[in-house]
Amino acid sequence: VRLTTSEGLVGVGEITHPFRGVETCALARNMGERHLVGADPFDTEEIWLRMYRGDFLRGGDVGGIVVSGVDQALHDIQGKFLGVPVYRLIGGACRDQIPVYANGWYTGERTPERFGELARDTVASGYSALKLDPFGAGLGELSRSERRLSIDIVAAVREAVGPDVELFVEGHARFVVHEAIKIATALEPYDIGWFEEPLPWTHVTRYPDVGARTSIPISGGEHFHNRYEYAPLFEHNAVNIVQPDLSMVGGFTEMRKISAIAE
């Protein structure tokens, strides 16, 4: 999404939706006409609340994505107007480097051998951390053979990259409680950095049941759109690591608040 000021500055934000692009773009245009024309791009708090409350969004992926993208674009305008990068506007730097992990590197045949080969190639390209979903189309409960294959894939990746590379396992919020516990227990020997979204978020109150049965940190939260949706995670101590997505969670304005609550 692009916002243009009367002085000719253009701010850019991301409003990508994987399945509902037409609706997302339509809502962005509609919000722009009613909430942004004539607004001051430095009034991010007021604009955020106007979009959230004025449109009765109260969450939801399309609205959350649009608010996020608009907020990014407003900060982009501010940075361009002041001649500074956006991080200077939200508290400045806390560190000189940020570690990253590779994701989406494991395409092709779902075998331990193939995952191991791809993992070695990815680490050789410069990454010191990898995330993977070894579970294929698994949902709810895994058969014994599927669970064994999934764990064998993780084992092959660990063997391929050695002990110094960080591994993260993605659950995509799709296992029942006892299956998630079985998986976490089986993953213990492979020194996993986190087990991401092991359960559906309809079962946020059961997340602590998984966390209590494993030493692997539990992470999640990328699909929530504001601090109100995040509240149950904190109330129930559901995760050890929160993962707000800048283009889902309400942009810089809302992410700072969620980060403060997490801290």
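**View 1. Arg20 and Asp61 meet in a salt bridge.** Arg20 is partly exposed, with a relative accessible area of 35%, and Asp61 counts as partly exposed too, at 25%. Here, buried means under 20% relative accessible area, exposed means over 50%, and partly exposed is in between, using a 1.4 Å probe and protein chains only. The N to O distance between the two side chains is 3.2 Å. This pair links distant parts of the chain: Arg20 sits in the loop between strand S2 (10-12) and H1, Asp61 sits in helix H3, and they are 41 residues apart. For helices and strands, we go by DSSP runs numbered from the N terminus: helices are H or I with at least four residues, strands are E with at least two. What counts as a salt bridge is a side-chain nitrogen of Lys or Arg within 4 Å of a carboxyl oxygen of Asp or Glu, and by this rule the count comes to 13.

A quick word on what you're looking at: this is a predicted model, where local features need pLDDT of at least 70 and side-chain atom pairs count only at pLDDT 80 or more, while totals for chains, interfaces and linings use all residues. Residues are numbered from 1 along each chain as its sequence is written, and side-chain values use heavy atoms, with hydrogens and water left out.

**View 2. Lys257 and Glu45 form a salt bridge (2.9 Å, N to O).** Lys257 lies in helix H9 and Glu45 in helix H2 (residues 44-54), so this pair ties together parts that are 212 residues apart in sequence. Lys257 counts as partly exposed at 23% relative accessibility, and Glu45 is partly exposed at 41%.

View 3. Look for Arg174 in the loop between S4 and H6, and for Asp133 in the loop between S3 and H5, 41 residues apart. Are these two buried or exposed? Arg174 counts as buried at 11% relative accessibility, and Asp133 counts as buried at 10%.

**View 4. Strand S4 pairs with S3 and with S5.** Strand S4 (residues 166-170) is mostly covered, with 4 of its 5 residues buried. Strand S3 (residues 129-132) pairs with S4 in the parallel sense over 4 bridges; pairing takes at least two bridges found by DSSP. Leu130 has Leu167 as its bridge partner in S4. S4 is also joined by 4 bridges to strand S5 (residues 192-196), again in parallel, and there Val169 partners Phe195. S3, helix H5 (residues 144-161) and S4 make a right-handed β-α-β unit. Right-handed means that, with the strands pointing away from the viewer, the path from the first strand over the helix to the second runs clockwise.

**View 5. The largest pocket has a volume of about 1100 Å³.** A pocket is an open set of points on a 1 Å grid over the protein atoms alone, where a 1.4 Å probe fits, with protein on both sides within 12 Å along at least five of seven lines; lining residues have an atom within 4 Å of a point. The volume is the space filled by probe spheres set on the points, which are joined across faces, edges and corners. Of the 26 lining residues, Arg95, Ile98, Pro244, Met255 and Ser259 lie nearest the centre. H9 gives the most to this lining, with 4 residues.
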